[in-house]
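Q: I have a structure open on my screen and would like to learn how to read it. Could you walk me through it?

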Amino acid sequence: MTPWPTIKPITLASLALLLTGCLRVEAEPLPLKILNWNVLYGFNHHKAIEEGSQWLREQKPDIIAFQELNGISENELAIHARAWRHENAVTHKEKGFPLGLTSKAPITVLERKVEGFHHGYLHCKTYGIHFFVVHFWPGKFDETDKILSKTESLLAQGENVIVLGDFNGCSRRDDTFLRNHATLRDIDYTFVDKVEAADFVDIIAKHDPQAKVSCPSPITIPRWTKNLEELKQKQYRIDFIFADRQLAARSITGTILLNKKLDHISDHYPVMIELERPQLEPLSNHNNKE
């Protein structure tokens, strides 16, 4: 008769080591997902809010910056944001072309700037990071200078900073693509040159250098673009997420999210990055509107 194998008893030390290993696996933090999207007059003139909201929920971003929230108030954005499971939402103005930020974590609003700017900018802090949401106007390069004077002060204090939005300008990193493909566009590098000179890193270019198109989508046909052939000659990258060098070193991914579902939601495609997750800010910072 074959004897039963000897089973060694589990010691308390072995059990503790096993449980510790399990807890470490469970506690492994997910990346911090940051998405930026110009949503064309409030999700195609409010016709695609539900479709856009569903798509955002599927992406599971932690933070979203918006441009062109036309006709969507801060309260309405907060309602829409619940569809993608964000409990915090702010905008920088009610009329015109509002900028917005939504987040799973509390948001501290530091500045809603309109005066002296074409569209303005929104300066907030969430997840311990300063966010400057921008929508630059072609030729108004002083807007960038004013924002960078603020980021310079923050970086000198050891703060983490991200500048993101619709730059209405291009990157020299895309120069070959632009000269060969975007033949129907006037190209200007000034906005991006200024931000990169301030030591910010283009996270999309860092991780996905082949990503060259963030707009326009086929939604512009036939109102602003005749056909697909002309569309290809107009497509370029003008939507960016720039991070300070400390944050950029913690970046994991960055890309432009091209998807047929998005072709008829906005003329811009979203850009998204992933960072190593920082610790959350205190809950007392919730929606401070100073």
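Predicted model: local features only at pLDDT ≥ 70, side-chain atom pairs only at ≥ 80, totals over all residues.

Q: Which strand pairs with E10, and in what sense?

A: The partner is E8, and the two strands pair in the antiparallel sense over five bridges. E10 covers residues 239-244.

Q: How many bridges join E7 to E8, and how do these strands run?

A: Seven bridges join them, and the two strands run parallel. To find the pairing on screen, look for Val133, whose bridge partner in E8 is Leu164. Helix H5 (residues 142-156) belongs to this part too: E7, H5 and E8 make a right-handed β-α-β unit.

Q: Why is E8 described as largely enclosed by the rest of the structure?

A: Buried here means under 20% relative accessible area. Seven of the seven residues of E8 (residues 160-166) are buried, so the strand is largely enclosed.

Q: Where do the side chains of a strand point?

A: In a regular strand they alternate between the two faces of the sheet. Now look at the nonpolar cores. Ile162 is among the residues with the most contacts inside the largest core, which has 51 residues. Apart from that core lies another, of 17 residues, including Val163 and Leu148.

Q: How do I read empty space?

A: Rolling a probe the size of a water molecule over the atoms shows where it is left. Here, the largest pocket has a volume of about 680 Å³. Its lining has 31 residues, with Asn168, Arg185, Tyr236, Ile238 and Asp267 nearest the centre. The lining divides into 14 nonpolar, ten polar and seven charged residues.

How values were computed. Residues numbered from 1 in each chain as written. Heavy atoms only, no water. 1 Å grid on protein atoms, 1.4 Å probe; cavity = no way out; pocket = protein on both sides within 12 Å on 5 of 7 lines; lining within 4 Å. Points joined across faces, edges and corners; volume = space filled by probe spheres on them. Nonpolar A, V, L, I, M, F, W, Y, C, P; charged D, E, K, R; others polar. Buried < 20%, exposed > 50% of the residue type's maximum accessible area, 1.4 Å probe, protein only. Helix = DSSP H or I, 4+ residues; strand = E, 2+ residues; numbered from the N terminus. Pairing = 2+ DSSP bridges. Right-handed = clockwise from strand over helix to strand, strands pointing away. Core = buried A, V, L, I, M, F, W, Y, C linked by side-chain atoms within 4.5 Å.
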